[in-house]
Amino acid sequence: MTEHFDALETRAPADREAALMARLPAQIALAQAHAAAYADSFRGIDAAAIRSRSALAALPVVRKADLLARQQQHPPFGGFSTVGWGPDCARVFASPGPIHEPEAPRRDYWRMARALYAAGFRQGMLVHNSFSYHFTPAGSMLESGAQALGCTVFPAGTGQTELQLQAIAALRPDAYVGTPSFLRILLERAAESGLAFDSLRHAAVSGEAFPETLREALASQGIAAYQVYATADLGVIAYETAARDGLVVDEDIIVEIVRPGSGDPVPEGEVGEVVVTSFNPTYPLIRYGTGDLSRVLPGTSPCGRTNTRLAGWLGRADQAAKVRGMFVHPGQIAAIVRRFSEVSRARLVVDNPDGKDRMVLHCETPEHGGNLEASLTDALREVTKLRAEVRLLAPGALPNDGKLIEDLRRYD
């Protein structure tokens with residue numbers, strides 16, 4: 001039995017990069033021609049020239065707030081989809097926001113099969129699917145991936161714990177997909193009720209944190225569980241493998257890590273926002289900001305897959321803080337950093353000594369003389385309309401956690 005889904009997973013990184021970059025111009029042209037939102041935002045852009053990461057990084061980042069605003073103005077998909085109602089759109093979902101996502105009737109539309117294969121799912125298995133089949137696409141995502149592998153799926157959905165346990169005892173599934181916390185609940189209830197729960201050996205979990213303690217608890221019950229990082233907009237982004245060493249990026253997307261609040265790629269290893277370009281012809285999201293923080297791990301996975309690895313979910317990039325009645329956003333701090341080539345990284349720390357809000361901009365820079373501090377203070381006041389202090393730090397002094405704004409205020 002092969003360890004890898006296909007030969008794409010083990011190709012030379014340079015070959016993968018060349019193949020992805022070669023696909024970019026056609027995807028940009030498709031979006032310009034058939035998705036009204038991109039016809040607007042990419043007006044004047046030569047699609048044929050977008051064939052490198054540096055060229056891609058010059059395009060604007062689309063974030064969830066942009067998607068929501070355009071969908072409200074131009075329902076249902078805000079001009080980001082290339083299809084409307086009919087045979088090219090088999091389903092439409094409504095995720096919290098609400099934000100609507102199309103699903104085309106293509107095999108493994110969400111690209112889930114590769115991630116499930118890495119988790120040990122194989123043809124002929126019965127999969128117990130406890131993700132929701134209502135409103136959001138999670139249930140359909142996992143079902144379509146499992147069926148693409150040749151598995152049979154029991155559509156359990158959410159809730160009804162006792163009925164789910166009865167179904168597991170009767171059907172004896174080989175694998176589970178759902179949240180890790182619900183799998184733990186099922187195990188605990190099965191132990192209390194005496195129902196059989198010894199057939200499950202594989203699990204792909206998503207939708208929430210998966211701590212090591214829970215992984216070990218599942219392993220003690222004979223269940224090997226693996227994380228899948230996916231979103232309702234994009235499908236699979238990255239997935240865990242038997243190496244248990246980061247999440248391997250899917251073969252059919254481009255991932256960038258950018259400075260929160262901007263579209264500027266950060267150096268490899270630095271924490272930033274996960275930005276994804278999809279090659280989905282139905283929903284061609286290009287430079288879509290997930291709002292999730294992560295970082296690229298060095299080297300390749302011991303499992304033999306050679307694609308980029310992410311460290312997993314490291315927080316959210318949405319770090320806006322309301323100070324003295326005014327909102328300060330990460331994008332404002334990123335804009336200030338771009339003005340000063342001497343500053344490599346910065347973080348705005350907000351606290352409230354003596355009950356009064358205070359802002360201090362901490363800046364990493366090798367230069368500590370001249371008028372830099374005064375110039376930064378003026379820029380901060382200009383951009384945020386608020387008074388603040390500036391402190392200059394040595395390079396490397398700030399934590400590598402992707403934060404541009406840290407709110408330390410206490411109200412007890």
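Reply: A definition to begin with: buried means under 20% relative accessible area, exposed over 50%, and partly exposed in between. Keep in mind that the model is predicted.

Me: Where does phenylalanine 5 fall, then: buried, exposed or partly exposed?
Reply: Phenylalanine 5 has a relative accessibility of 32%, so it counts as partly exposed.

Me: How many aromatic pairs are there in the whole structure?
Reply: The search finds 7. One of them joins phenylalanine 5 and tyrosine 117, with ring centres 5.7 Å apart and planes at 75°, so the pair is edge-to-face.

Me: Which parts does that pair tie together?
Reply: Phenylalanine 5 is in the segment before α1 (13–34) and tyrosine 117 is in helix α5 (residues 113–118), so the linked parts are 112 residues apart in sequence. Tyrosine 117 is buried, at 11%.

Me: What lies over the face of tyrosine 117?
Reply: Arginine 122, at 3.5 Å from the ring centre. In another such case, the charged end of arginine 244 sits over the ring of tyrosine 226, 3.8 Å from its centre.

Me: Switching to cavities. How many of 30 Å³ or more?
Reply: The count is 2. The largest cavity holds about 110 Å³ of space. It is lined by 13 residues, and the closest to its centre are Arg259, Glu270, Arg345, Lys403 and Leu404.

Me: What classes are in that lining?
Reply: The largest cavity's lining has 6 nonpolar, 1 polar and 6 charged residues.

Me: And how much space is in the second largest cavity?
Reply: About 60 Å³. Its lining includes Trp110, Arg111 and Asp233, and divides into 5 nonpolar, 2 polar and 2 charged residues.

Definitions and conventions: Residues numbered from 1 in each chain as written. Predicted model: local features only at pLDDT ≥ 70, side-chain atom pairs only at ≥ 80, totals over all residues. Heavy atoms only, no water. 1 Å grid on protein atoms, 1.4 Å probe; cavity = no way out; pocket = protein on both sides within 12 Å on 5 of 7 lines; lining within 4 Å. Points joined across faces, edges and corners; volume = space filled by probe spheres on them. Nonpolar A, V, L, I, M, F, W, Y, C, P; charged D, E, K, R; others polar. Phe/Tyr/Trp six-rings, centres within 6.5 Å; stacked < 30°, edge-to-face > 60°. Helix = DSSP H or I, 4+ residues; strand = E, 2+ residues; numbered from the N terminus. Buried < 20%, exposed > 50% of the residue type's maximum accessible area, 1.4 Å probe, protein only. Lys NZ or Arg CZ within 6 Å of the ring centre and 35° of its normal.
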